[in-house]
Amino acid sequence: MLDSVNDPSLIQAAQEAGAKGINLVGMCCSGLETLSRHGIPHAGNFMSTESIMVTGAVDVQCIKQGLAKVADCYGTKLFTTNSRCHIEGVEHVEFNEHSPRECTDAIVENAIIRFKNRKMPIEIPQIKNMGVHGFSHEYINYMLGGSFRSSYTPLNDNIINGRIRGVAGVVGCTNPRVKQDWVHVELVKELIKNDVLVVQTGCSQIAIAKAGLHTPEAAHLAGPGLKEVCEAVGMPPVLGCGACVDNSRILTACSEMIRIGGLGESIAELPVAGAAPEWMSEKAICIGQYFVASGVYTVFGVTFPIVEETKFHKLLFEGLEGMGFGKWGFTSDPYEMAKMMIAHIDKKRKALGIDKARERVLVSMADRREMEAA
Ligand code: SF4
């Protein structure tokens, strides 16, 4: 799509149709891929798909079946592109990875035709939220140590000295059963207020971006320790890592924290926790279990799809931890969720013996000589 919207012949066709140019915006996690890697503006998460559909052509990932009807009402073209995905009443332009431009050019050409045929005034809300996004594992390395000393050491040091209490991954879908974006925003505010650095992926990241928490200025909402670190590095207290498939970036960061040292021998020992507070897609459950199996305490919200008090429930919520894995947790209340995650982080800090804040001691040359002599 990026190649197609930048193709001079298609830009010219758009201009001949009376447009200023071609505007590509992202939606859901596909949009986060392009935001993280290419800086393409993002139009909204899963819960915003219908509102955005009524304004013009968009790229949507998790598609509600009902979108075909909404698109029809507003004269917006909706396409499916994956061979496994067809929706009744929606045009299919198949994406072939060996000749992708056949599909993407056709979609852009359709958008140009649609522009020419617009009969009703288009109303696009002019609300923009700026933020810093695209925190890959490599970029976090660079951010903390520059290109000369790129390393997770400053992060580990600040966790050990207590400025950063721990790290929480807040990820996943937005869910129509709860007030839009509310659970994500309240949970993340509670966590950063308690000096927990938050990393994010998925539609959750857009909920938080809309609340303005992906800016370095949001450090004023963080607790004193986290605020100090954010101000020193110039980073936001909430780091956006990308789409829901980029959760692997979070586990790579956890592995790196272990490799650097000082925080245990496995991910299960780290003072970290994860949450998908408004999950709704089946793949969220798979990703959650991937985190639990990797050693992370993972809390889900809204509903949990198994019966309480069964053997299986006990295994997921208690048994797995005893076997050296993470474990599952559940609550639909964001404040309770924050409490559960912070309690787990504190439990891990205690087990590591770093539960009391330690001030960094600057060692002078004279002190050093004395230590060596001793
Ligand atoms: S976070 Fe959930 S709703 Fe959003 S794109 Fe990913 S799977 Fe879909």
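Student: What makes up the lining of the largest cavity by class, nonpolar, polar and charged?

Tutor: In this predicted model, the lining of the largest cavity has 23 nonpolar, 10 polar and 1 charged residues. Gly counts as polar in this scheme, so Gly172, one of the residues nearest the centre of the largest cavity, belongs to the polar class.

Student: Why is this space called a cavity, and how many cavities of 30 Å³ or more are there?

Tutor: The term cavity applies because a 1.4 Å probe fits there but cannot get out. By this rule there are 3 cavities of 30 Å³ or more, and about 320 Å³ lies in the largest.

Student: Which residues lie nearest the centre of the largest cavity?

Tutor: Val171, Gly172, Thr201, Asn247 and Ile287 do, among 34 lining residues. The elements that each give two or more residues to this lining include α3 (28-38), β5 (166-170), α12 (247-260) and α13 (282-294).

Student: Which domains supply at least three residues each to that lining?

Tutor: Domain 1 (2-116) and domain 2 (137-352) each do so.

Student: What makes the lining of the second largest cavity nonpolar?

Tutor: This cavity holds about 140 Å³ of space. Of its 15 lining residues, Ile140, Leu155, Val167, Leu197 and Val199 are the closest to its centre. Ile, Leu and Val count as nonpolar, so these five residues fall in that class.

Student: Which element gives the most to the lining of the second largest cavity?

Tutor: That element is α12, with 4 residues.

Notes
Residues numbered from 1 in each chain as written. Predicted model: local features only at pLDDT ≥ 70, side-chain atom pairs only at ≥ 80, totals over all residues. Heavy atoms only, no water. 1 Å grid on protein atoms, 1.4 Å probe; cavity = no way out; pocket = protein on both sides within 12 Å on 5 of 7 lines; lining within 4 Å. Points joined across faces, edges and corners; volume = space filled by probe spheres on them. Domains from an automatic or database assignment.
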